[in-house]
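User: Could you take a close look at how the helices pack in this one? I'd like the geometry and the residues involved, with cut-offs, please.

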Amino acid sequence: MVVVMRPGTEQREIEKLVAQFQLQGLQVGVTNGVGCTILGLVGDTTNLDMDKISMNEHVERVMRVQEPYKKANRKFHPEDTVVTAGSARIGGGNFSVIAGPCSVESEEQIIGVAEDVQRSGAALLRGGAFKPRTSPYSFQGMGVEGLDLLLEAKAATGMPIVTELMSPKYCQLFEDKVDVIQIGARNMQNFDLLKEVGKMSKPVLLKRGLANSYEEWIMSAEYIMSEGNENVILCERGIRTFETYTRNTLDVSAIPCIKKMSHLPVIVDPSHSAGMYWLVEPLALAAVAAGADGLIIEVHNDPANAKCDGQQSLTPEHFDQLMGKVGALVDMMGKKLNK
Ligand code: PEP
Ligand code: MN
């Protein structure tokens, strides 16, 4: 961190501030320029409050020269993190596909879709039991009953299950029943929830918020990791832009950028990015080509009558065709498709 002092600040004020930083265990390099002094802080500055330093009347400006995230930073952890769920691995050259309906609707539906997507090469089963809907009058998910149906589908296929947690009050239930905990886009900055999942032992799939920067997204992962849970998968699911033709805009750049900034695996959700079933395939393939470590795709046995997100859901047949192409492209990228 660099602290620029106001021109003409008295030497004793500079010394006072330097002593304060030294008391916090930092080394301070003092550079005296023409009429202006610059302090270079070396050491662990993650706990320093930049706003508080700026409030000092003798300080002109404070600048970070390092990223504010540490545990998620590739600089301090150069090798890729590999997240494991059941027999599936994500990251470090392992590619996994998560597939299933937007929401669990019945025993027949979830077991049927699970068997279909597994046959096509999906490694994990998705399905929302607690749904974050824009309208309180829309289908809110089957709740605890939905979780039990996911467990039945897991028993039938052996696939690990991925489902969204919206409230800290269900943490214990999810710890007991779920394999990968999804934190939805709308909760990416629900810091209390992030801290709670940080104390859990299950991997967390952290979706990018609708209008959040890469740094904000990684800082949310940092919240989870700083509580002890370092098994975080980042999921790009499209962001809000001025374009209204698509539901969201898939930010393909996020894949290489996040992988440069962080060692955590990055997967892509082409379904929520697109909002339309026919757009899912090209976006999914673009994600693989851009270096994603996995995909999460909505598949429904009867999209026209789905209780949620039918318009962006693939039929099992379409998903099967897509998986043929995904498999070939994953191969070409030198990665291993986990089935
Ligand atoms: C979902 O995966 O069904 C979902 C609600 O996703 P998001 O949080 O990305 O909108
Ligand atoms: Mn959905």
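**Helix packing, up close**

Helix 3 (residues 107-120) packs against helix 11 (residues 316-332) at about 20°, and their axes are 9 Å apart. That makes helix 3 roughly parallel to helix 11 (under 35 degrees; over 145 is roughly antiparallel, 65 to 115 roughly perpendicular, the rest oblique). Axes are lines fitted to C-alpha atoms, for helices over the stretch in contact, with angles from 0 to 180 degrees between N-to-C directions. Helices are DSSP runs (H or I, at least four residues), numbered from the N terminus.

Keep in mind that this is a predicted model: local features need pLDDT of at least 70, side-chain atom pairs count only at pLDDT 80 or more, and totals for chains, interfaces and linings use all residues. Residues are numbered from 1 along each chain as its sequence is written, chains are lettered from A and ligands numbered from 1 in the order written, and side-chain values use heavy atoms, leaving out hydrogens and water.

Back to the pair: helix 3 passes helix 11 in a right-handed crossing (the near helix is turned clockwise from the far one by less than a right angle). From helix 3, Asp 116, Val 117 and Ser 120 meet Pro 316, Phe 319, Asp 320 and Met 323 of helix 11 (contact: heavy atoms within 4.5 Å). Sorted by type, the residues of this helix 3 and helix 11 contact are 4 nonpolar, 1 polar and 2 charged (Ala, Val, Leu, Ile, Met, Phe, Trp, Tyr, Cys and Pro are nonpolar; Asp, Glu, Lys and Arg charged; the others, Gly among them, polar).

Helix 3 also packs on helix 4 (residues 144-157), at about 40° with the axes 9 Å apart. That makes helix 3 oblique to helix 4, and the crossing of helix 3 past helix 4 is right-handed. Helix 3 brings Glu 107, Ile 110, Ile 111, Ala 114, Glu 115 and Gln 118 to this contact, while helix 4 supplies Leu 149, Leu 150, Glu 152, Ala 153, Ala 156 and Thr 157.

Elsewhere, helix 6 (residues 191-198) and helix 7 (residues 214-226) pack at about 45°, their axes 6 Å apart. Helix 6 and helix 7 are therefore oblique to each other, and their crossing is right-handed. Phe 191, Leu 194, Lys 195, Val 197 and Gly 198 of helix 6 meet Ser 220, Tyr 223 and Ile 224 of helix 7. Here the residues of the helix 6 and helix 7 contact come out as 5 nonpolar, 2 polar and 1 charged.

Key. Helices (H or I, at least four residues) and strands (E, at least two) are DSSP runs, numbered from the N terminus.
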